[in-house]
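Hi! Here is the structure I promised to pass on. Have a look at it first, and then read my notes below.

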Amino acid sequence: MFALKRKTKGEALFDIVNNLIMLCVCFLTLYPIWYVLINAFNDGNDAMLGGIYWWPRVFSLKNFDAVFASPGIMQAMGVTVAKTALGVLVHVFFTAMVAYALSRKGLIGGKFYILLGTITLFFNGGLIPTFLLNRDLHLLDNFLVYIIPVMFSFFDLIIFMTFFREIPEGLEEAARIDGANDWSIFLRVVLPVSMPVIATIALFHGVYQWNDYFAGIIYVNNPDLQPIQTYLFRVVAQSSSNQMMVAVQGSSLTKSVTSQSIKLATMVVTTLPIVFVYPFLQRYFVKGMMIGSIKG
């Protein structure tokens with residue numbers, strides 16, 4: 001039997017200090033989220049008095065009633081869900097397809113393509129040329145403006161390419177012996193064994209698509225095509241007044257809600273869906289982030 005090694009006083013003290021630091025970091029990270037949550041569930045006028053730090057003082061759901069009664073919020077939520085789902089699907093497939101081609105050793109000009117892609121990590125055309133390009137492509141006030149301009153990312157390509165290079169060549173050779181072509185190998189062999197990196201890139205791009213508000217401000221004037229984050233941006237921008245009038249079926253909620261309380265409730269509504277998705281992809285995310293870190 002092996003004797004358990006007892007920690008010295010210095011090691012025990014180090015562990016205590018390290019645990020305290022981690023607890024402080026967790027608290028500083030999570031408390032702002034908790035603060036927004038409890039104030040969103042508190043009566044708006046009561047919240048203006050301050051002093052709410054741990055629990056709602058006057059519990060109320062009228063802030064959320066006002067949010068969902070606001071015209072356009074459900075339409076904006078639908079646009080966000082659609083652009084996130086379609087954007088992730090197109091981005092992952094297209095980026096993986098290009099990465100698979102560049103990960104093959106016999107590709108002519110492969111190093112040159114990688115050099116060109118690396119340059120794009122440091123330089124881009126800027127806002128005005130990008131706007132003019134999207135205008136010439138007829139993407140202004142078009143749902144595809146959320147999909148086409150971001151369907152490819154060279155940073156994500158590097159992650160894909162690193163993973164594909166670690167796939168045993170024997171899998172592809174066996175598929176070719178069975179008569180599979182490049183498309184069959186990519187769709188039926190490579191993608192099924194690449195779930196960790198696919199989930200990682202899907203999480204990256206999904207969070208980006210869900211949180212993106214800039215495209216809705218710059219490229220979209222049609223309110224029916226604006227995503228929920230752009231809606232939230234406008235709520236925050238218009239919250240300078242002390243009271244926001246919200247009518248629900250002829251009644252007024254202004255006695256119970258304020259612009260600040262509606263802003264916090266909107267933040268909760270727009271944030272929770274992506275927070276709930278993360279735990280389901282976390283195990284793939286952690287595994288995918290380790291790609292290329294260990295060579296055996």
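Let's start with a pair of helices: α7 (residues 154–165) and α10 (residues 195–211) pack at an angle of about 170 degrees, with axes 10 Å apart. Axes here are lines fitted to C-alpha atoms, for helices over the stretch in contact, and angles run from 0 to 180 degrees between N-to-C directions. So α7 and α10 are roughly antiparallel (angles over 145 degrees count as that). On the α7 side, the contact (heavy atoms within 4.5 Å) is made by D156, I159, F160 and F163, and α10 brings V197, I198, I201 and F204. By class, that is seven nonpolar residues, no polar ones and one charged; Val, Ile and Phe are among those counted as nonpolar, and Asp is among the charged.

This is a predicted model: local features need pLDDT of at least 70, side-chain atom pairs need 80 or more, and totals for chains, interfaces and linings use all residues. Residues are numbered from 1 along each chain as its sequence is written, and side-chain values use heavy atoms, leaving out hydrogens and water.

Overall, the protein has 13 helices and two strands (DSSP runs of H or I, at least four residues, and of E, at least two, numbered from the N terminus).

How values were computed
Angles under 35 degrees count as roughly parallel, over 145 as roughly antiparallel, 65 to 115 as roughly perpendicular and the rest as oblique.
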